[in-house]
Amino acid sequence: MNKRKLELGDRNIIGARVTQARLECGLLQKELLAKLQVEGIEISLPALSLLEGQKRPVFDYELKALAKILNKDPNWFFECGKDE
């Protein structure tokens, strides 16, 4: 796994949790993108990287799909810094 080269941004508060949940599911970003496409969400690999890096806002419909795919309650993504 590549390490993040840039510091986290401030455009969303859930990006780090998306990364955490994705890794818990054993998914690569490309695999998550494929699952998002099945749910009707079209974003690019760079856009997902920016989302996870908290440098891109997250739309509500994207969060809904991410929660479904990553098997998390949407509220979980907002509990930054807390354990499950």
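**Labels and the values behind them**

Modeller: The chain holds 4 helices and 0 strands. Remember that this model is predicted.

Biologist: In what order do the elements of the chain run from the N terminus on?

Modeller: They run α-α-α-α.

Biologist: What share of the 84 residues in the chain is buried?

Modeller: Buried residues make up 37% of the 84. To be counted there, a residue must have under 20% relative accessible area.

Biologist: What is phi in Gln54?

Modeller: Phi of Gln54 is near 60°, a positive value, and Gln54 is not a glycine. Asn71 is not a glycine either, and its phi is positive at about 55°. A glycine with positive phi comes after helix 2: Gly40, near 90°.

Biologist: Now to helix 2 itself. Which residues of helix 2 are buried?

Modeller: Helix 2 covers residues 29-38, and its buried residues are Leu32, Leu33 and Leu36.

Biologist: Why do you say that the buried residues of helix 2 line one face?

Modeller: Look down the axis of helix 2. The buried residues fall within an arc of 105°, so they line one face. There is a general rule behind this. An α-helix has 3.6 residues a turn, so residues three or four places apart point the same way.

Biologist: Which exposed residues are on the face of helix 2 turned away from the buried side?

Modeller: Lys30 and Val38.

Biologist: What do the buried residues of helix 2 pack against?

Modeller: They pack against helix 1 (15-24), helix 3 (45-52) and helix 4 (60-69). A contact needs heavy atoms within 4.5 Å.

Biologist: Which residues touch the most other members of the largest nonpolar core?

Modeller: The core has 20 residues, and those touching the most other members are Val18, Leu32, Leu36, Ile43, Leu66, Leu70 and Phe77. Helix 1, helix 2, helix 3 and helix 4 each give two or more residues to this core. Helix 4 gives the most, with 5 residues.

Biologist: What does Leu66 touch, not counting residues up to four places away in sequence?

Modeller: Leu66 touches Val18, Leu32, Leu36 and Phe77.

Biologist: How many cavities of 30 Å³ or more does a search of the whole structure find?

Modeller: The search finds 1. The largest cavity has a volume of about 30 Å³.

Biologist: Which residues line the largest cavity?

Modeller: Leu36, Ile41, Ile43, Leu48, Leu51, Glu62 and Leu66. Helix 3 and helix 4 each supply at least two residues of this lining.

Biologist: Last one. Among contacts with a separation of 6 or more, what share joins residues 24 or more positions apart?

Modeller: Such pairs account for 65% of those contacts in the chain.

Definitions and conventions:
Residues are numbered from 1 along each chain as its sequence is written. This is a predicted model: local features need pLDDT of at least 70, side-chain atom pairs count only at pLDDT 80 or more; totals for chains, interfaces and linings use all residues. Side-chain values use heavy atoms; hydrogens and water are left out. Buried means under 20% relative accessible area, exposed over 50%, partly exposed in between (1.4 Å probe, protein chains only). The arc is that of the directions from the helix axis to the C-beta atoms. A nonpolar core is a set of buried Ala, Val, Leu, Ile, Met, Phe, Trp, Tyr and Cys residues joined through side-chain atoms within 4.5 Å. On a 1 Å grid over the protein atoms alone, a cavity is a set of points where a 1.4 Å probe fits but cannot get out, and a pocket is an open set with protein on both sides within 12 Å along at least five of seven lines; lining residues have an atom within 4 Å of a point. Grid points are joined across faces, edges and corners, and a volume is the space filled by probe spheres set on the points.
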